[in-house]
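Colleague: I would like to learn how to read packed helices and sheets in a model. Could we take one feature at a time?

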Amino acid sequence: MLDDFFIRSIIGGVGVATVVGPLGCFVVWRRLAYFGDTLSHSALLGVALALLLQINITLSVFITSVFVAFALLFLQKGQKLSSDTLLGLLAHSTIALGLIALSFMTWVRVDLMGFLFGDILSITKRDILIIWVGGLLVLICLILVWKKLFAATVSPEIAEAEGLNPQRSNFFFMIMLALVIAISMKIVGVMLLTALLIIPAASARHFSTSPEQMAIISILFGISSVLFGLFSSLEFDIPAGPSIIVASLILFLFTISKNLILKDT
Amino acid sequence: MSKKENALIKLTNAGVRKNRNWLVRGITMSVHSGEIVTLIGPNGSGKTTTAKMALGLLGLNEGTTSRKNNLRIGYVPQKLQIDWTVPIKVKRFISLTTKISDKEIEFALSLTNTSHLSDKEIRVLSGGELQRVMVARAIALSPEFLVLDEPVQGVDYKGEDAIYNLIEETRTKLNCGILLISHDLHMVMSTTDKVICLNGHICCSGTPGVVTTSPEFKDLFGERMVTNLAIYQHNHDHEHLMDGSIKK
């Protein structure tokens, strides 16, 4: 069964959607969309480093994302520049550095488009293993820190004053986000990854009255987007990564229009 | 037992600096069980900063702080901005940091007259409603040390009185130490044990009576305020219910 590329794509895509759903909710709640974008852009630098040092791409992307996340936290403390300026600076300079590094390595032939916009249809059994093992690991960690991370999201001050440790929760969150970026890159690529994090979560907002509910609904929306995107890609012969994102956009538009109609009546 | 031994928190010559400016400096104060300490002072005088030092939210640039081990703290911050995308109901907000039973949640909400809001989402509450819910949440934790940073902001006149009464009742019931930041000098006069008057440093401190007659207080708040305060210094001989009628 796993020998069929389309089945492999579905299994990989569903795995990614399951883990990005709840994490995407935190990205939305914490207004970290641009932060997520910066981390995923930096993944291209991770790819270049992996090829240069001949190490595993997933591992290299994970380490690079963690490094960029902490570089950002460090810069935010010391600098007077606003966060969005720093994010823009890091997002685009890491991608530029990655592109230059790749261009130097004339001895490797890389599918740049695949890294930028995803290459889900070429997914291997090994990729699926990485997605499911890594994804499960992230989900377990997330469940363990869920309550504390949520309290730190609602009010870091209350959380800290009342004996929780929001810095530690934030630290775990960064690590989890970097790991998710590393394992999901194959599906939609570094340019479109943030969309997969935030669009299902944003669509889920209108239907949720508790954080857990929103996490589960965004998983369902994510899975539907993957399925819808993959089937349209097959049907209309269009690129798979962008199709998944457009599918999630259509779902989002449907949810807000439904919301508008409900408001009117 | 001497008073020093059972202090819940104690700041000694504490100060916090932002860049090159001292936000506050030379703060020495303590809060004991069953005691209400009120911080007053003009805007920017370091009231919130002092409260945050006491809570351990800010690293000190000088001085020391000591807190009782495993101190159970309830905190009502001055501002709470929850992004509208966070789906959280009042009930869930009450047990944000500690698991609290439904029965206790209901009871805490009834104290601030907000039981009807328990299934509402936080984002639809008005400023005053949110403030009441925050007070209910802090009390529901049955804290040993309660910090309230301007707890009646945006609360209507009747509600204000009720919340101040509630704070006093809570002190008696839980025997907790309370650090209160308040602009309402009426409250300061009637229920506070100790007033600390701040303006970047401690201008004067002591019982309400001592503080209001000190020249530093007059300097800070002006003659008019001091004269106006005189009318507040009377004994309450009756209590109001939530609807304003007199409690019999």
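Colleague: Is the crossing of α1(A) and α6(A) left-handed or right-handed?

Modeller: This is a predicted model. In it, α1(A) crosses α6(A) in the left-handed sense.

Colleague: What angle and what distance go with helix α1 and helix α6 of chain A?

Modeller: In general, a pair of packed helices is described by the angle between the axes and by how far apart the axes are. Here helix α1 (residues 5-29) and helix α6 (residues 125-154) of chain A pack at about 20°, and their axes are 10 Å apart. Angles under 35 degrees count as roughly parallel, so α1(A) is roughly parallel to α6(A).

Colleague: Which residues in α1(A) meet which residues in α6(A)?

Modeller: From α1(A), the residues include A:G12, A:G15, A:V19, A:L23 and A:F26. On the α6(A) side, A:I128, A:I131, A:W132, A:G135 and A:L142 are among them. Sorted by class, the contact of α1(A) with α6(A) has 14 nonpolar, five polar and two charged residues.

Colleague: Now chain B. How many helices and strands does chain B have?

Modeller: Chain B has eight helices and nine strands. Of its 248 residues, 40% count as buried. Take the contacts in chain B between residues at least 6 apart in sequence: 65% of these join residues at least 24 apart.

Colleague: What is the order of the strands in the open sheet of chain B?

Modeller: Six strands of chain B form the open sheet, in the order β5-β6-β7-β3-β8-β9, and the pairing is mixed. Its edge strands are β5 (73-76) and β9 (202-206) of chain B, each of which pairs on one side only. From one strand to the next, the twist averages 10°.

Colleague: In which sense do strand β3 and strand β8 of chain B pair?

Modeller: Strand β3 (residues 36-40) and strand β8 (residues 194-198) of chain B pair in the parallel sense, over four bridges.

Colleague: Last, how many residues does the contact take from chain B and from chain A?

Modeller: Chain B gives 17 residues and chain A gives 22 residues. The side of chain B that touches chain A has 11 nonpolar, two polar and four charged residues.

Terms used:
Residues are numbered from 1 along each chain as its sequence is written. Chains are lettered from A and ligands numbered from 1 in the order in which they are written. This is a predicted model: local features need pLDDT of at least 70, side-chain atom pairs count only at pLDDT 80 or more; totals for chains, interfaces and linings use all residues. Helices (H or I, at least four residues) and strands (E, at least two) are DSSP runs, numbered from the N terminus. A residue is buried if 20 or more other C-beta atoms lie within 10 Å of its own, exposed if 12 or fewer, and partly exposed in between; C-beta atoms are placed from the backbone. Two residues are in contact if their C-beta atoms, placed from the backbone, lie within 7 Å. Two strands pair if DSSP finds at least two bridges between them. Axes are lines fitted to C-alpha atoms, for helices over the stretch in contact, and angles run from 0 to 180 degrees between N-to-C directions. Angles under 35 degrees count as roughly parallel, over 145 as roughly antiparallel, 65 to 115 as roughly perpendicular and the rest as oblique. A crossing is left-handed if the near helix is turned anticlockwise from the far one by less than a right angle, and right-handed if clockwise. Ala, Val, Leu, Ile, Met, Phe, Trp, Tyr, Cys and Pro count as nonpolar, Asp, Glu, Lys and Arg as charged, and the others, Gly among them, as polar.
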